[in-house]
Amino acid sequence: MNESFMRAALALARRGLGQTAPNPSVGCIIVRDGQVVGRGRTADGGRPHAEVKALEMAGAAAQGATVYVTLEPCSHRNKVSPPCTETLIEAGIARVVIGAPDPNPAVNGAARLRAAGIGVTEGVLQPECEAMIAGFAKVMREGLPWVTLKLAATLDGKIATASGESQWLTGSDSRRAVQAMRGQHDGVMVGIGTVLADDPLLTCRLPGYRTRPPARIVLDSALRTPVTSQLVRTAGEAPLWLVHAPDAEPKATGATLLEAPAHDIKAALKALAKSGFTRIFCEGGATLAAALLKADLVDEIAWFHSAGIMGADGLPAVQTLGINRLAAMPRFRLISHRVYGDDILTIYGKRA
C-alpha cells in the first residue's frame with residue numbers, strides 16, 4: 001500500500017519537472033481510511049510546496065490521515081511561509097511516509113515530525129524519489145545543475161553531412177519527444193556555434209504542455225548572438241540567457257546576461273546553478289558535447305538514433321576527446337530505450 005500511494009505522489013511530482021526551480025518538484029498524497037482526500041505538487045515557481053497544496057484540498061479530512069510525500073518535508077523557516085513540518089503538525093496528521101531524504105543538511109523534517117508524536121516511515125521508493133529531485137540534490141551537494149546531453153545522430157554516429165546539412169535526421173515523432181523533454185528542464189542550452197549555424201528556436205511548442213517555458217541558454221563568450229536571430233526575436237515569449245566572458249561588449253537583445261570565465265564550462269554551469277537552474281537540457285553541437293564530456297559534467301545522455309548511415313565523411317556527434325586508452329573513455333549505464341517511428345531513443349546515466 002505504501003508503494004502504491006507513493007507512486008501516485010511520484011506521478012504528481014513528474015508533472016512539475018521544469019516548472020518549480022529553484023525548488024524541486026515534489027508530489028504529495030493524503031490518505032484517510034484508504035481513500036485519497038488530498039493531492040498536490042509543488043506549485044510553478046517553487047511555492048506553495050506540495051504538502052501545503054494537498055492539505056488545502058484535504059481540509060478537515062487531514063485530521064488523523066497519512067501523508068505520502070516524495071521528499072522529506074522542510075523544517076526551516078523563511079520569509080514566505082512556515083515550514084511544512086509545522087503545517088503538517090497543525091493539521092493533525094497521524095503518519096508521514098517519506099520517499100527521499102532532503103539533501104539540504106539544514107533540513108531535519110523527519111526528526112521534527114517524530115518529536116511531535118507523528119509516525120514516520122522513510123525510504124519508500126527512495127531511488128525513484130531521489131531521481132525526481134536529482135537536479136536540486138546536485139545543486140545542494142556540488143553547486144552544479146543536472147545536465148542531460150541530447151544527441152541525434154545516424155546509426156554510425158553522424159549529425160550532419162560534410163556540407164553541414166542536418167535537418168532532419170530524425171522523424172517527427174522524435175522531434176515531438178524532444179519538445180516534451182525540453183519542457184521537463186529549467187533551461188535548454190546550446191553553444192554560440194549552434195546559434196550561428198542553425199538559428200534555433202529551442203522552445204517547447206507542444207500546445208498546453210507547459211505554463212512556464214524553459215529558458216534558452218547560449219554559451220556566448222563574446223556575445224555574438226545576432227539581434228536578428230530567432231532566439232532574440234522571441235526573448236519576450238521565452239526567457240533568453242547569454243553566458244558571456246567579463247570583457248564582452250553587451251548589446252540590446254532582451255536577454256539576461258550572466259558572466260563566467262571564457263571557455264570554462266564548469267564555471268558557466270556553476271553560475272547557472274547560482275541563478276536558480278537545477279536541470280539543463282543540452283542541445284549543443286559536437287564541440288559542446290565534447291567539452292561537457294571532457295569535464296565530466298554529463299549526468300544523462302538522451303541519444304536519438306535515426307535509421308540511416310552517412311559514412312566517414314559525415315560530421316561526428318562528438319568532437320575529439322583526446323582518448324588513447326579504453327580506460328579513459330567516459331562510460332554510462334543503460335537506463336531505458338524507446339521507439340519513435342524508425343528512430344530509437346536510448347537513455348544512459350552516469351556510472352557511479
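Colleague: How much space lies in the largest cavity?

Modeller: On a 1 Å grid over the protein atoms alone, a cavity is a set of points where a 1.4 Å probe fits but cannot get out; lining residues have an atom within 4 Å of a point. Points join across faces, edges and corners, and the volume is the space filled by probe spheres set on them. Here the largest cavity holds about 80 Å³. This is a predicted model, where local features need pLDDT of at least 70, side-chain atom pairs count only at pLDDT 80 or more, and totals for chains, interfaces and linings use all residues. Residues are numbered from 1 along each chain as its sequence is written, and side-chain values use heavy atoms, without hydrogens and water.

Colleague: Which residues lie nearest the centre of the largest cavity?

Modeller: Asn23, Pro24, Ser25, Thr278 and Arg279, out of 16 lining residues. The second largest cavity has about 40 Å³, and its lining includes Leu223 and Lys251.

Colleague: How many salt bridges does the structure hold?

Modeller: A salt bridge is a side-chain nitrogen of Lys or Arg within 4 Å of a carboxyl oxygen of Asp or Glu. The structure holds 9. One of them pairs Glu122 with Arg114 at 3.0 Å, N to O.

Methods: 1 Å grid on protein atoms, 1.4 Å probe; cavity = no way out; pocket = protein on both sides within 12 Å on 5 of 7 lines; lining within 4 Å.
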